[in-house]
Amino acid sequence: MSKQNEAQVGVQNEGIRPKARNASKMAEVSRPHFDRAYDNGLMGVSCRVRDNRRIEIATTGQEVIDYTRCGYLNLDSHPSVLAAAQASMDEIASVHFSVARTRLSAEPLVRLESTLASLFDVESVVVFPTVAAANMGALPLLAAGLFTNGEKPLIAFDRFAHVTLQYHIPVLREETEVMVIDHNDLDHLERLCQSGRQVAYIGDGAYSMGGAAPVRQLRALQEKYGLFVYLDDAHGISVVGKHGEGFVRSQLDGLDDRTIVAASLGKGYGAAGGLLMLGSRKIEHAIRRYAPTYGFSCAPNMAAVGAALASAEIHRTPELHKLQRALNNNMHLFDSLIPTETKGSELPIRIVRIGDEMEALAKGESLLRQGHYASVVFFPTVPRGQAALRMAITAAHNPADILDLSLVLRNGDNKVAAEAPAAAPASLTLPIDGEEVK
C-alpha cells in the first residue's frame, strides 16, 4: 500500500465521530462546586477597584490582592488610555455607533484597524466587539471553504482549545468534517495532512490554563502540506513582542493567506474588543461581507475604540518594554517563590494544581480570608479531579504581596500539588457522548 493510501486509511480508522454537547450532565456534575463557590464569596463578587491590583469586596469591605483579572500590563488603568476613551466619545458624540458595519464605520474605528495592521505588521486587521464575536464570525466561513479556495477543509480542533472556539463545532459540522485531536499532537495532525485533504487546525496561541501552541512546528506543516492555521492568542497579545504583537505573531516572519490570528483588545492590550490579524485581502473581504458578527453585532463602543488607539500609541514607545519588564520581573519572583506546573513560562498565567474540587475550594476560601483572591477552577473549566488555583500575574502587582502569597500558600493547611501533570486544559471541558472532551 502506498504511503498516501496508508495515510488515508489512518484518517478513516481514527474516525471523525460527531458528538453533541451534554449541558445537562455538565450542570449536574458541577452544581455542588458552583453552589459552594458562590455561597462562600469565590464567585459572583462585587468589588471596588484600588491600586496595585487590590480590590475591596463590596459586601464585606475586605481589601484583597486580586489575581483573577487579565490586565497583564495594567494598561487598562493607564491615564492616557482612560482619557482617550472619554475623548473618543466626545469626538463622535455617541457611546455606541449603532449601525451595521457593512453600511457605516465611524472614522476612528477605521483608523484603529489600519493602526493595528501597521503596529503588528500584517496585511489587515478586522476589529470586533469581542474575541468571541471574531471567532463566531470567521470560523463558519473557514468551514465553508471561503478561506481555502472553495475546498471545505477537514477541521482539527486542539483538545484544549478555548470554549469560544469549540462552542462552534456543531455549526461547523453543518459545513464540513470536524474532529478533536489531543493537545499539541503534531504527529496526529501530520497524518491528517498526509491524507491529501485540505486540513485546518484550530487552537489557542497562549492557553488560558497555561501552555502554548507549537507555532514554528505548525508553520513547518503549513509549508509542507498547505495546512491552514487559526490560533486565538487572546492571552499572548501585548505581553510578548517588540510592539506587543503577541506570542504567535512574534514567532512568525509574517502572516500568509493560510494563517489567521485572533486576539484580544482587552487583557494585556488594556482596552476592549477583539481582532483578527490577516495575511490576505481575499480573506478580509470575505469576513467583511459574510461574517454575521461583523455586519450585525456592530462595532466596539466608541470609548473602547479611543482606548485602543491610545494603547496602540503606547505600544510604539519604550513604555511598553518597561511594562513588559515589570511583568517579567513579577513572574520571575513568583516562580522563585511558588512552584507551579507553569513555572518559567513567558506567559503570565500560573496554575497551582490541587486535584480534588472541594480541597481546591477550601484552599481558595483560605486564601481569601488571608487577603488573596485567586480563581478556583474546576469542572467544566478543567476535567474532573484536576481542580486548581489559577493566578494571573501582572506588572501592577506589588512584589511584597507576591511574597506574602507564597507564605500563605506554604503555611496553608490544605494540600497543594505544586508539581502536577503538564497537560493542563485550557478552558471549558464538557461531557460529550459520555466522555470529557475539550
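Two strands pair if DSSP finds at least two bridges between them. The views below show a predicted model.

Strand 11 and strand 14 (residues 387–392) run antiparallel and are joined by six bridges. Ile351 stands opposite Arg390 of strand 14.

Strand 3 (residues 63–66) runs parallel to strand 12, with two bridges between them. Ile65 has His372 in strand 12 as its bridge partner.

**View C. Strand 9 is largely enclosed by the rest of the structure.**
Strand 9 covers residues 259–264, and six of its six residues are buried, so the rest of the structure largely encloses it. In a regular strand, side chains alternate between the two faces of the sheet. Here both faces are covered. Thr259, Val261 and Ala263 are buried on one side. Ile260, Ala262 and Ser264 are buried on the other.

**View D. Strand 9 pairs with strand 8 and with strand 10.**
Strand 8 (residues 228–232) pairs with strand 9 in the parallel sense, over four bridges. Leu231 has Val261 in strand 9 as its bridge partner. Strand 10 (residues 274–278) runs antiparallel to strand 9, and five bridges join the two. Ala263 has Leu275 in strand 10 as its bridge partner.

**View E. Helix 2 meets helix 14.**
The axes of helix 2 (residues 23–39) and helix 14 (residues 357–369) come within 11 Å and cross at roughly 10 degrees. Angles under 35 degrees count as roughly parallel, so helix 2 is roughly parallel to helix 14. From helix 2, the contact takes in His33, Arg36 and Ala37. Helix 14 contributes Glu357, Met358, Leu361, Ala362 and Glu365. The contact residues divide into four nonpolar, one polar and three charged.

**View F. Helix 8 has buried residues along one face.**
In helix 8 (residues 186–193), the buried residues are His188, Leu189, Leu192 and Cys193. Seen down the axis of helix 8, the buried residues fall within an arc of 145 degrees, so they line one face. An α-helix has 3.6 residues a turn, so residues three or four places apart point the same way.

Technical notes
Residues are numbered from 1 along each chain as its sequence is written. This is a predicted model: local features need pLDDT of at least 70, side-chain atom pairs count only at pLDDT 80 or more; totals for chains, interfaces and linings use all residues. Side-chain values use heavy atoms; hydrogens and water are left out. Buried means under 20% relative accessible area, exposed over 50%, partly exposed in between (1.4 Å probe, protein chains only). The arc is that of the directions from the helix axis to the C-beta atoms. Axes are lines fitted to C-alpha atoms, for helices over the stretch in contact, and angles run from 0 to 180 degrees between N-to-C directions. Angles under 35 degrees count as roughly parallel, over 145 as roughly antiparallel, 65 to 115 as roughly perpendicular and the rest as oblique. Contact means heavy atoms within 4.5 Å. Ala, Val, Leu, Ile, Met, Phe, Trp, Tyr, Cys and Pro count as nonpolar, Asp, Glu, Lys and Arg as charged, and the others, Gly among them, as polar.
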